[in-house]
Amino acid sequence: MPESQVTISSRLGYEGHRIKVRSDHVRMSNGAESTVDVIEGPDAVTIVAIDDEQNVLLVRQYRYASDGYLYEVPDGLPAGPEESWEDCARRELEEETGMRAGRLIPLTYIYTTPGFTDETIHLFVATDLEVGEAVHDHDEFLEVIRIPFSEAIEMVKDGRVVDCKSVAILLYV
């Protein structure tokens, strides 16, 4: 099992709107060499919003890459490098669900798919919810669903929630 890998060379293969794809030629600690493809993705936040009755807010939205509608917890990207993870979580929760977090608790972060991307997602729990104002991006078409937390867990178990970040944070909480 290699303890470290040293990059010998790196070649950018693609640069898109949100991602870059590169191929790195690496040498492992045992001397073996290999090529590793890496997707450089933007880091993000995801939020489990729980109201006073132990309901959770999910969003149902169409995801092009999965060619269908998914149930997810709210998530999003920082507005810029100066926006903190907490500020990003607060903003995204309100924009997507129309609710504000009275209390926001940072949990941890996760790598989405560490075999080929460096993307991380910072996990938060939002409580003491207050009504705010939903402001969807031009390419977001969301339906907000409020269900008991226990039902959200059942949705994970029976395959209605299959989005990785949503599965991870719901089971973490």
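## Exercises on salt bridges, a helix and a surface patch

K165 is buried, and so is E72; buried means under 20% relative accessible area, exposed over 50%, and partly exposed in between (1.4 Å probe, protein chains only). The model is predicted: local features need pLDDT of at least 70, side-chain atom pairs count only at pLDDT 80 or more, and totals for chains, interfaces and linings use all residues. Residues are numbered from 1 along each chain as its sequence is written, and side-chain values use heavy atoms, with hydrogens and water left out.

**Exercise 1.** Find what joins the side chains of K165 and E72.

*Solution.* Start with the contact itself. The two side chains meet in a salt bridge, 2.7 Å from N to O. The term means a side-chain nitrogen of Lys or Arg within 4 Å of a carboxyl oxygen of Asp or Glu. K165 lies in helix 3 (residues 164-172) and E72 in strand 6, so the pair ties together parts 93 residues apart in sequence. Helices (H or I, at least four residues) and strands (E, at least two) are DSSP runs, numbered from the N terminus. Last, widen the view. R63, E72, D75, D163 and K165 are linked in a network of salt bridges.

**Exercise 2.** Describe the salt bridge of E40 and R22.

*Solution.* Take the distance: 2.8 Å, N to O. The pair links distant parts of the chain, with E40 in strand 3 (residues 33-40) and R22 in strand 2 (residues 20-28), 18 residues apart. E40 counts as partly exposed because its relative accessibility is 26%. The whole structure holds 17 salt bridges.

**Exercise 3.** Which residues make the nonpolar surface patch of about 420 Å²?

*Solution.* Y62, Y64 and Y69 make this patch. Patch residues have over 30% relative accessible area and no salt bridge; like charges are joined within 9 Å, nonpolar side chains (Val, Leu, Ile, Met, Phe, Trp, Tyr) within 5 Å. Areas come from the Shrake-Rupley method with a 1.4 Å probe; for residues, only the protein chains shown count as cover. Y69 sits in strand 6 (residues 68-72).
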